[in-house]
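Subject: The model, and what turned up in it

Hi,

Here is the structure I promised to pass along. Have a look at it first, then read on for my notes.

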Amino acid sequence: MARRGDMVVTAELAQTIRQDTWSGIRIRVVSPSAGVVDSNWFGFSQYGVFNERHLAPSARDGGGELTRYNADFMLVVDGIDARRLRDAVSVYTAAFAPPPAPEFTAAAHLAALFSMARRLDHLGSIKPETLAGRAFAHAEVLRDVASQIHFDLLPLTGERQAADSAPVEVAEGLAVLRKLRTTLTALAHSADVGDHPDYAEIFRSHSASLDGIEHEITADLAADRAAAEGARASAAKSASATALASPSAGRSAASTTAPASPPIQASERGQR
């Protein structure tokens, strides 16, 4: 079960006239208010879901039917390729729930950016050296830019409050930032086509600001990694030097050296 826009999409194995035998999946598009809007069948054979090496040899199984008897050797990692089936289902369901307009996609991404700013504040409070000591500064800039984007999207989206985002790690936040930057670039292009140069310039400027934020945070993350690697290398070198300088190491080195023969006395030379 999944939600596409205002619709709910359900999927279940489609059983044939024989018991415990399934030939594909049944997709239903359900409206919360009107019930089932449409349904369709997608066959395993039709979309080449099962690897031929794992197909049932008997003609009765139809070359692509799943049963309780063949499931063990058909449902294996290298025996399934559902990409064509997945793409067909995606195209089918998109007809009932088209993707949202880019301005709403952009507004939805803003919640993750605000969550990322809170994460940067937290990192700055518990580890002040994080992001080369600039975690708080990055958080402040990110909040300012996200707030300005929200304000400039309002004429297109109306008074719309995005849902609160779950906690976002820095790497996840950067991924969302890149998606938002792409969406804003698309909005700028649409504004150019629609002869709205002012909006085009605004969204292009926001995209450039996000690009700058990403580069600075990425550079500081690299600096953090370099500092951590340098600290580990220094600690390893110090531990090695300490081990070599310790008395036990000296005794060990001495024990591995053969003792020198005592010098020959003059009387002994005379006797020889």
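Below are my notes on the strands, the helices and a few individual residues.

First, the ground rules: this is a predicted model, where local features need pLDDT of at least 70 and side-chain atom pairs count only at pLDDT 80 or more, while totals for chains, interfaces and linings use all residues. Residues are numbered from 1 along each chain as its sequence is written, and side-chain values use heavy atoms, with hydrogens and water left out.

**The strands around β3**

A quick word on names: helices (H or I, at least four residues) and strands (E, at least two) are DSSP runs, numbered from the N terminus. I'd start with β3, residues 21-31. Eight of its 11 residues are buried, so the rest of the structure largely encloses this strand. "Buried" here is under 20% relative accessible area, "exposed" is over 50%, and "partly exposed" is in between (1.4 Å probe, protein chains only).

Which strands does β3 pair with? Two strands pair if DSSP finds at least two bridges between them. With β2 (residues 7-15), β3 pairs in the antiparallel sense over eight bridges, and V29 in β3 is the bridge partner of V9. With β4 (residues 35-43), the pairing is again antiparallel over eight bridges; there, G24 has G43 as its bridge partner. Two bridges also join β3 to β5 (residues 66-67), and that pair runs antiparallel, with W22 standing opposite L66.

Two of these pairings are hairpins. β3 and β4 have three residues between them, whereas the hairpin of β2 and β3 has five residues between the strands. D20 sits in the loop between β2 and β3. This residue is not a glycine, yet its phi is positive, at about 55°. For context, most residues other than glycine have a negative phi. At 22% relative accessibility, D20 counts as partly exposed.

Now to α6, residues 170-193.

The buried residues of α6 include V170, L174, L177, L184 and A191. They pack against α3 (102-126), α5 (135-157) and α7 (197-245). If you're wondering about spacing along a helix, an α-helix has 3.6 residues a turn, so residues three or four places apart point the same way.

Leaving aside neighbours within four places in sequence, T183 is in contact (heavy atoms within 4.5 Å) with P102, T105, A106 and H109.

How do α6 and α7 pack? Their angle is about 160° and their axes are 8 Å apart. That makes α6 roughly antiparallel to α7. The axes are lines fitted to C-alpha atoms, for helices over the stretch in contact, and angles run from 0 to 180 degrees between N-to-C directions. Angles under 35 degrees count as roughly parallel, over 145 as roughly antiparallel, 65 to 115 as roughly perpendicular and the rest as oblique. Just after α6, D195 takes a positive phi of about 60°.

**Helix α5**

α5 has 23 residues and reaches 31 Å from its first C-alpha to its last, close to the 33 Å expected. Among its buried residues are H138, L142, I149 and D152, and what covers the buried residues of α5 includes α3, α4, α6 and α7. G158 follows α5 and has a positive phi, near 80°.

**Two more residues**

L131 lies in α4 (residues 130-133). Its phi is near 55°, a positive value in a residue other than glycine. L131 is buried, with a relative accessible area of 1%.

L75 is in the loop between α1 (71-74) and α2 (83-94). With a relative accessible area of 46%, L75 is partly exposed. Apart from neighbours within four places in sequence, L75 is in contact with F50, L66 and I80. L75 and F50 are 25 residues apart in sequence and 8.4 Å apart in space, C-alpha to C-alpha.

Cheers

Conventions: The expected span of a helix is 1.5 Å times one less than its number of residues.
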